[in-house]
Amino acid sequence: MSDVLFQPLAFRNLTVKNRLFRSNISGRFDNYDGSGTQTRINWETKFAKGGVGAIVSSFVPVTIRGRIVPNYATIDHDARIPFWRRVGEAVHAHDCKFILQLSHGGRQRDIPGIEFAKGLSSTDRPDPLHGFECERMTTAQIKEAVDQFAQGARRAREAGLDGVELHGANGYLITQFLSSAINDRTDEYGGPLENRARFVLEIVAAIRAEVGRDFHLQMKISATENANAMVPGEPRGNTIDDSIRVCTWLEEAGVDAIHVSGGAFFPHPRNPVGDLPLDELLKTYDSLVASGTKTLRNYIFFRGKLSGEFFQKRWRKEAGKVFEGVTLADAAAIKKAVGIPVICTGGFQTASFIRAALEGGKCDAVSIARSLVANPDLPKMFASGLDRPPKPCTYCNKCLINAPENPLGCYEEARFDSREEMVREIMSVFSAN
Ligand SMILES: Cc1cc2nc3c(=O)[nH]c(=O)nc-3n(C[C@H](O)[C@H](O)[C@H](O)COP(=O)(O)O)c2cc1C
Ligand code: SF4
């Protein structure tokens with residue numbers, strides 16, 4: 001196939017049939033206790049059928065204390081392996097690879113659930129936007145978390161999956177160690193970048209010791225953090241230069257690919273880049289009101305006409321005007337510095353734009369989340385010669401803002417003939433096979 005979009009991508013330990021990856025995204029489709037359901041299998045299968053070369057799973061907690069919302073399937077003990085094997089087999093049936101995202105939320109937990117009041121973190125400072133409280137990890141807790149990631153990787157391998165991704169982006173636990181805006185430790189895990197990177201490098205070493213060198217391992221990183229995007233007075237956090245250094249260390253430590261994202265918290269105006277739908281926010285932010293010390297204050301602030309619009313305006317300003325390829329410049333800078341493949345996420349949905357990014361050597365593959373939620377058959381559309389889907393994703397972020405409370409799907413009514421049709425499409429994941 002001469003079209004670069006559909007050329008295989010060979011990583012050290014894995015070959016993917018094309019350059020279009022499904023980026024991490026899933027709803028609260030599983031059981032409260034972390035066991036998986038057929039709904040999640042339906043969800044993943046839909047994208048495999050649509051023609052992506054690989055699916056990178058959504059946030060899979062390596063421990064219950066590391067989850068961000070209940071009802072996400074976990075990989076925290078061996079009894080989870082058969083479920084993940086079923087997911088992998090369902091996806092493989094459509095010639096698609098499955099990479100599981102090993103995750104720990106740390107202090108950033110939207111709805112923590114009933115088991116643990118506080119998250120663990122590099123710091124004991126609550127997150128500045130929502131006030132999610134946390135406990136500073138001891139060295140023993142750090143070692144325990146390192147082992148939890150390694151055991152998660154072993155389980156993914158035993159489940160027959162094609163690789164794992166470390167969720168080192170978007171403000172979750174690994175970011176909380178890497179970030180100069182968050183990590184305020186004075187021990188060997190804090191201070192200079194070399195120390196802040198110690199946690200993730202120990203995780204990589206522990207995974208390699210557990211699964212060997214021949215199992216695919218990639219890392220998602222927030223290349224530019226912009227930690228002060230929504231809270232004035234916060235430091236900016238890591239820059240692209242910091243992240244380039246971290247990526248070279250990751251490569252030396254045995255990581256097979258880098259997945260480039262942005263933002264020191266989630267969601268962030270530049271990830272997923274787009275709008276902040278205020279009406280939807282008022283319908284779902286109430287789910288978070290008990291989660292942090294600032295969430296009730298925020299809810300009242302969002303409800304005020306002027307204050308709500310002020311927050312939305314700031315979000316829009318930080319998001320900028322160009323959404324497609326929002327992190328491409330960072331991906332290109334990282335690609336220049338490393339020898340391993342680079343996957344870029346952020347706004348991709350136009351074949352010619354993606355083609356130019358790949359041919360220009362800015363990245364080796366793109367990962368797509370919302371445009372595939374809107375059009376799961378996007379790769380097939382590209383293969384048929386369409387440059388852009390007839391009903392594209394509008395970057396409205398209504399899917400994102402509904403996610404804590406409602407099933408994941410496209411909530412942009414303008415893309416459907418009626419609200420009923422939209423709801424039918426959203427609910428179809430519960431019965432699709
Ligand atoms: C509802 C929703 C859930 C997401 N969940 C995750 C996640 O679990 N892990 C992750 O790394 N990124 C997650 N993301 C970020 C996406 O994977 C993706 O990187 C981001 O949305 C930018 O890509 P896009 O513009 O194609 O949507 C999520 C995004 C959305 C909208
Ligand atoms: S709700 Fe639909 S159109 Fe809006 S960002 Fe999500 S997928 Fe795109």
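Colleague: What is the radius of gyration of the protein, and what would a compact globule with 433 residues have?

Modeller: Please bear in mind that this is a predicted model. Along its principal axes the C-alpha trace spans about 55 × 55 × 40 Å. A compact globule with 433 residues would have a radius of gyration near 22 Å, and the value for the protein agrees with this, at 20 Å.

Colleague: What percentage of the residues in the protein is buried?

Modeller: The secondary structure comes to 16 helices and 12 strands. Among contacts with a separation of 6 or more, 71% join residues 24 or more positions apart. Of the 433 residues, the buried share is 53%.

Colleague: Which residues have the most contacts inside the largest nonpolar core?

Modeller: In soluble globular proteins, nonpolar side chains tend to be buried together. The largest nonpolar core here has 110 residues. Apart from that core lies another, of six residues, among them Ala181, Ile182, Ala227 and Phe265. Inside the largest core, the residues with the most contacts are Leu100, Ile258, Cys363 and Val366.

Colleague: Why are the buried residues of H12 said to lie on the same side, and which exposed residues does the opposite face carry?

Modeller: Ala351, Ile354, Ala357 and Leu358 are buried in H12. They cover an arc of only 130 degrees around the axis, which places them on the same side of H12. Their cover includes helix H11 (328–337), strand S12 (365–368) and helix H14 (378–383). The face turned away from the buried side carries the exposed residues Ser352 and Glu359.

Colleague: Which residues are the closest to ligand 1?

Modeller: The shell around ligand 1 has 11 nonpolar, 12 polar and two charged residues. Strand S4 (54–61), helix H13 (370–374) and helix H15 (398–402) each give two or more residues to the shell. Of the 25 residues that surround ligand 1, the closest are Ser23, Asn24, Phe59, Pro272 and Ala369.

Colleague: Which element gives the largest share of the shell around ligand 2?

Modeller: Ligand 2 is surrounded by 15 residues, of which Cys393, Cys396, Cys399, Cys410 and Glu412 are the closest. By class, they are eight nonpolar, three polar and four charged residues. H13 and H15 each supply at least two residues of this shell. The largest share, three residues, comes from H13.

Colleague: Is Asn397 buried or exposed?

Modeller: Asn397 lies in the loop between H14 and H15 and has a positive phi, near 65 degrees. Tyr395, in the loop between H14 and H15, has a phi near 60 degrees and is partly exposed, with 19 other C-beta atoms within 10 Å. A residue counts as buried if 20 or more such atoms lie within 10 Å. Asn397 has 25, so its class is buried.

Technical notes:
Residues are numbered from 1 along each chain as its sequence is written. Chains are lettered from A and ligands numbered from 1 in the order in which they are written. This is a predicted model: local features need pLDDT of at least 70, side-chain atom pairs count only at pLDDT 80 or more; totals for chains, interfaces and linings use all residues. Helices (H or I, at least four residues) and strands (E, at least two) are DSSP runs, numbered from the N terminus. The radius of gyration is taken over C-alpha atoms; the globule rule is 2.2 Å times the number of residues to the power 0.38. A residue is buried if 20 or more other C-beta atoms lie within 10 Å of its own, exposed if 12 or fewer, and partly exposed in between; C-beta atoms are placed from the backbone. Two residues are in contact if their C-beta atoms, placed from the backbone, lie within 7 Å. The arc is that of the directions from the helix axis to the C-beta atoms. A residue is near a molecule or strand if its C-beta atom, placed from the backbone, lies within 6 Å of it. Ala, Val, Leu, Ile, Met, Phe, Trp, Tyr, Cys and Pro count as nonpolar, Asp, Glu, Lys and Arg as charged, and the others, Gly among them, as polar. A nonpolar core is a set of buried Ala, Val, Leu, Ile, Met, Phe, Trp, Tyr and Cys residues joined through C-beta atoms within 7 Å.
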